[in-house]
Amino acid sequence: MSESKEPKSRYGMVIDVDRCTGCGACMVACAVENNVPPANVKATERTGTTWVRVYRLENGEAFPRTRTVFIPVPCQHCGHETPCVSVCPQQAVEVDGATGIVDQMPQRCLGCRYCMTACPYHARYFNWWDPVWPAGMERTLNPDVAPRTRGVVEKCNFCHGRLHAAKAKAAAAGKREIDPADYVPACVEACPAGAITFGDLSKPDTPVAQLARSEGSFRMLEKLNTDPKVYYRSRQPWVHQAAEMTYARVREEVVRG
Amino acid sequence: MSVSRRDVFKFGAGSAAGLALTPLPWKLLDDTSIWTQNWSWVPKVPRGEIKTKYSACTLCPAGCGLKARCVGEQPVSLAGVAAHPVSAGRLCPLGVTAHHVAFHPKRIRRAFRRVRQGEKYACVPSRTEDATAAVAQAIQKGSRVVVLDGRPDRTASLIYRRAAASMPNAAYVPVRSEEGATLRALAELTGAAPGTLAFDWSGARTVVSFGTPLLDGWGGPGQQLEGKRLIQVEPVLSRTAGRADKWLAAKPGTEAFVALGIAQIRTGEGMALADVEAITGIRKEDLEALAREFSDQGPSIAIADGGYGPQEVRAVAALNLISGCIVRRAGIPMPAGFEELPAPAELASLPDGSVQVLIAVEPYGLPAALVKRKLAKDALVVALASCLGGLTRRADYVVPVPAALEAVCDTGAPEGASAAAFGIAGALMPAPEGVADAAAFLASVVPGLPAEEAVLQARAEAIHKSGRGQLFRFASGEASAVKDVSAEDFWTALNEGACWTDTAPAAFKVAANPGPAVTLEPPKADAAYPVTALGSGWRAASGEAPVSPLLTKIYQESELRQASDVAALNPATAKALGLEEGREVRVESRAGSATLRVALDPGIMPGVVRLSCGPSFEYAAGAADPADASLLCKLGDARTVPVRLSRA
């Protein structure tokens with residue numbers, strides 16, 4: 001493999017959960033950008049496909065001391081011994097050395113779902129059904145992203161298509177480096193609360209790198225040593241504590257259909 | 001050489017082991033993955049020239065600026081317009097997917113009639129001309145006609161008002177949303193003309209919100225609260241309460257008494273704190289702290305746009321007369337010929353059974369029980385809608401109109417803006433053939449009505465003639481004074497993506513006397529229906545308002561938002577009633593009942609059940625079904641409804 005002559009980047013994001021209102025604009029904008037279809041009638045919150053999912057977290061106190069935050073969880077783009085990469089039998093998952101983005105190649109995926117088991121953040125989604133859009137709505141699909149078929153796993157890739165477009169624009173202008181304003185993932189662009197900051201963590205003077213290093217920033221499940229590139233910020237201590245816990249949500253699911 | 005059976009097996013096993021060491025099986029597995037993903041039924045992406053166009057979202061009155069990425073003439077994604085003076089580049093989940101509404105599974109493209117067949121109704125194809133003829137005949141007989149506007153305060157609404165004024169026995173009735181209730185009450189208290197008052201958001205330091213979803217759809221995506229202290233008064237930990245600096249959990253139906261407590265401390269006219277504490281459940285110390293904050297951390301805004309009754313809103317609105325954070329804004333200049341129109345009527349004030357012809361424009365989120373009471377027996381109902389839902393289920397004729405982004409219309413200033421604003425939401429997609437807007441339908445009934453586009457242009461001319469304000473162009477992000485732009489350029493810029501904002505409004509001098517006292521009655525306990533049902537909804541997504549099918553991401557596929565088949569309870573309430581999460585619960589009121597699914601939420605006050613007002617993703621329901629799908633319409637029309645819960 002030839003060594004890349006491009007400067008290495010490490011794209012990541014910082015999400016301020018104290019600003020997030022849980023509106024869901026990021027989830028919906030992601031689905032628009034990445035051609036994720038509307039839910040099958042039988043889909044539930046366990047079988048639905050949401051590349052970024054916003055969870056509601058409570059502080060465990062009784063009313064009226066209850067407090068909540070909303071936590072958007074995309075793929076964390078783990079940088080150290082990326083769990084989903086090592087388990088994939090098809091080499092359908094790869095860490096891009098130039099950007100640090102963990103890419104998923106649905107065309108190679110055979111749907112064993114081993115990566116879903118390996119992912120500690122539950123950030124991977126299996127296509128239980130073929131994609132179906134209401135009649136005519138397929139005209140609104142993004143031409144830069146291929147729809148996936150039933151039987152493959154998919155996940156957030158930091159809107160890799162937008163990175164390619166930014167690189168093409170930079171190359172056309174004869175530049176080596178992209179303009180940060182040209183590469184903004186759909187969720188970041190859509191957030192009306194301005195809760196998500198995105199950029200190159202390897203450049204110390206970028207807003208995302210400064211926020212990631214500053215007081216109050218944390219990552220989820222740090223003890224697993226996966227080196228995720230998604231940081232979170234909150235002034236509330238209970239949120240920091242919650243980030244270190246794994247949750248077993250025990251609920252009898254009412255099976256539909 | 002003889003080859004034994006054992007040799008064959010040995011060769012076979014050796015070949016298999018050898019093959020596994022080659023790339024061949026992995027290559028075949030890889031190729032099989034690819035071959036089994038190229039099915040003809042997986043949609044192909046569109047191809048074409050990529051363009052950028054600008055418009056505005058019209059799904060709610062906020063009118064947020066839109067930047068559309070288009071493949072050919074079809075928008076494929078929408079984003080906010082950076083530096084937009086009103087929406088500040090923000091969009092809510094509805095705005096992000098506004099271009100999907102045109103493809104909604106319940107989209108209406110042809111007119112139809114509902115005809116009774118025995119006990120049931122059937123839908124038969126019809127023509128717009130048949131509906132027109134039926135209405136014209138009824139008008140000739142002198143029937144009482146009401147034009148019910150589901151999307152009021154637009155330029156098209158002026159045409160509907162003119163149409164009603166031109167008919168011999170007709171009234172124009174806007175469907176008032178909760179948003180703007182406080183300012184309407186303030187106008188009544190001060191004698192100001194309706195629509196001329198606004199909150200001074202830039203001048204305010206503190207906002208005391210009574211049940212108003214300021215961070216969840218009210219007035220646009222919430223930018224007016226930046227840098228301000230927010231205190232939220234309501235019985236549940238809503239999205240707004242969760243982000244507020246302080247949340248005061250008042251019992252449902254008692255929030256306005258908190259306003260009387262603040263008034264008592266600041267002016268001596270209100271209600272004693274001990275009484276407020278007994279009614280609301282909020283401690284006296286917290287009420288005192290709130291009153292101090294309201295004055296000491298002012299200027300302050302008090303707002304109650306949460307679906308409260310008139311007296312409750314009035315009690316809260318009066319607080320703004322103490323804090324002095326109101327401005328008087330000039331209205332958007334009227335186009336010539338529309339300056340003198342009769343005042344709109346209110347739905348509640350129409351006599352019961354008096355409406356003989358109802359022409360309902362985009363009637364999705366109506367108070368169905370109230371509308372039904374006002375209709376005469378055998379009333380003729382014509383619904384003008386882009387999608388099935390709401391009143392289309394009861395209409396005799398349903399006539400299609402363009403969906404969002406299919407026709408030109410205007411946007412104004414949301415409640416979160418202090419100055420008046422005006423913009424044109426240009427059409428990004430063509431409407432289906434034969435589908436015309438509601439103004440065109442009314443023009444076929446009332447000859448001489450102008451077309452909507454002509455009135456929009458006349459309005460733009462009136463604005464330009466005033467010489468006030470600035471024109472902000474979406475593409476360049478630049479603003480220029482209106483007086484520096486020609487009338488022709490002004491109209492062209494608006495159609496290509498721009499908005500006008502008025503000059504800063506003047507401070508409103510508050511009268512020393514705040515007006516007549518309000519009369520509030522604390523909610524009475526109902527032993528038979530001991531739990532209080534509280535409706536929660538998202539303004540533009542309530543009832544059966546058409547929203548993108550992709551919103552399943554935040555409902556069905558994640559349960560981020562409460563679906564309309566869910567009853568959310570405090571765990572203590574559920575335990576006391578023997579209810580468990582995920583199980584069915586029967587919710588009964590004096591008006592009706594529903595069977596829902598339990599969800600537990602410790603942020604809900606014990607003794608309260610939160611129900612969702614929509615949206616609906618039930619695409620299979622038939623057009624002829626007269627049942628109203630809106631849950632709260634089944635249980636009652638008020639903001640809080642006494643109910644009882646039992647295991648289903």
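Chain A carries 32 positive and 28 negative side chains, whose two centres lie 3 Å apart, where Lys and Arg count as positive and Asp and Glu as negative, with His and the chain ends not counted, and where a charge is placed at NZ of Lys, CZ of Arg, CG of Asp or CD of Glu. Please keep in mind that this is a predicted model, in which local features need pLDDT of at least 70, side-chain atom pairs count only at pLDDT 80 or more, and totals for chains, interfaces and linings use all residues. Residues are numbered from 1 along each chain as its sequence is written, and side-chain values use heavy atoms, leaving out hydrogens and water.

Turning to overall shape, the C-alpha trace of chain A spans about 60 × 45 × 35 Å along its principal axes.

Now the cysteines: how many disulfides does the structure hold over all chains? There are 0, a disulfide being a pair of cysteine sulfur atoms within 2.5 Å. A:Cys20 is in none, its nearest cysteine sulfur being that of A:Cys26 at 6.3 Å, and A:Cys20 is buried at 9% relative accessible area. A:Cys88 is likewise in no disulfide, with the sulfur of A:Cys112 nearest at 6.2 Å, and A:Cys88 is buried at 16%.

Notes
Chains lettered and ligands numbered in written order. Buried < 20%, exposed > 50% of the residue type's maximum accessible area, 1.4 Å probe, protein only.
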